[in-house]
Amino acid sequence: EVWAHIVPLEGRRWLVSALEFVETLTPARVLAKLEIATSWIASCFYEYTTTLSSAERAMVLYHELGDALETARAQFKAGDALLFLGRLAEGERLLWEALTVARALGKKRLAAAALRPIAWARAAGGDLAGARADYAQAREIYTPLGADRGLALIDVDLAELEFRAGDALA
């Protein structure tokens, strides 16, 4: 995830190199980390089919390892990719699953991160009130954490939502 925010092209180069060394004896946790990293990098380049397939492989591996948190993080990435691929119902289902686990484990950033695309999907489906409520919940989580990037993304999403709802000054 760090590469995705700093220099995704360099991150991709390192991942391609690392994946060349994967073999049958590669530990599942290492392979899962490579898959989720590939998913994050692919999303930086708007390659949502790759984002989804890598996140799904990571989901399976983390589930087999019994790692609920990392499974939820992979579900988040897969769900987000599904939304961009126009598969809203499937994406929303995975995002809700990730949100449920995040809340149960007290992982606030993941919970807020999952709420944002859930809100986007609701807005795309015409449920503007539900979308606003989800954005408000995400904002309530992000604010005390000082998560400025998350708050800025919510502001952009809300402005877009209000513009589409007819408020051109939002």
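Biologist: Where does Cys44 sit?
Modeller: Cys44 is in helix 3. A helix here is a DSSP run (H or I, at least four residues; strands are E, at least two), numbered from the N terminus. The model is predicted, so local features need pLDDT of at least 70 and side-chain atom pairs pLDDT 80 or more, while totals for chains, interfaces and linings use all residues. Residues count from 1 along each chain as its sequence is written, and side-chain values use heavy atoms, without hydrogens and water.

Biologist: What makes Cys44 count as it does for accessibility?
Modeller: Its relative accessibility is 28%. Buried means under 20% relative accessible area, exposed over 50%, partly exposed in between (1.4 Å probe, protein chains only). So Cys44 is partly exposed. Pro8 is 36 residues from Cys44 in sequence, yet 6.8 Å from it in space, C-alpha to C-alpha.

Biologist: Is Ala147 buried or exposed?
Modeller: Its relative accessible area is 7%, so Ala147 is buried. Ala147 lies in the loop between helix 8 and helix 9. Beyond four places in sequence, it is in contact (heavy atoms within 4.5 Å) with Arg109 and Tyr142.

Biologist: How do you know that the span of helix 4 agrees with its residue count?
Modeller: The expected span is 1.5 Å times one less than the number of residues. Helix 4 (residues 48-65) has 18 residues and should therefore span 26 Å; its end C-alpha atoms are 25 Å apart, which agrees. Gly66 follows helix 4, with a positive phi near 75 degrees.

Biologist: Which residues of helix 4 are buried, and what covers them?
Modeller: Tyr48, Thr51, Leu52, Ser54, Ala55, Ala58, Met59, Leu61 and Tyr62 are buried. Their cover includes helix 3 (28-44), helix 5 (68-84) and helix 6 (88-105).

Biologist: What does the lining of the second largest pocket hold, by class?
Modeller: Eight nonpolar, no polar and three charged residues. Nonpolar covers Ala, Val, Leu, Ile, Met, Phe, Trp, Tyr, Cys and Pro; charged covers Asp, Glu, Lys and Arg; the others, Gly among them, are polar. Trp120, Tyr135 and Arg164 are among the lining residues. Helix 9 gives the largest share, five residues.

Biologist: How do you know how far to trust the chain?
Modeller: pLDDT is the predictor's confidence in each residue, from 0 to 100. The chain averages 91, and 95% of the residues score at least 70.

Technical notes. On a 1 Å grid over the protein atoms alone, a cavity is a set of points where a 1.4 Å probe fits but cannot get out, and a pocket is an open set with protein on both sides within 12 Å along at least five of seven lines; lining residues have an atom within 4 Å of a point.
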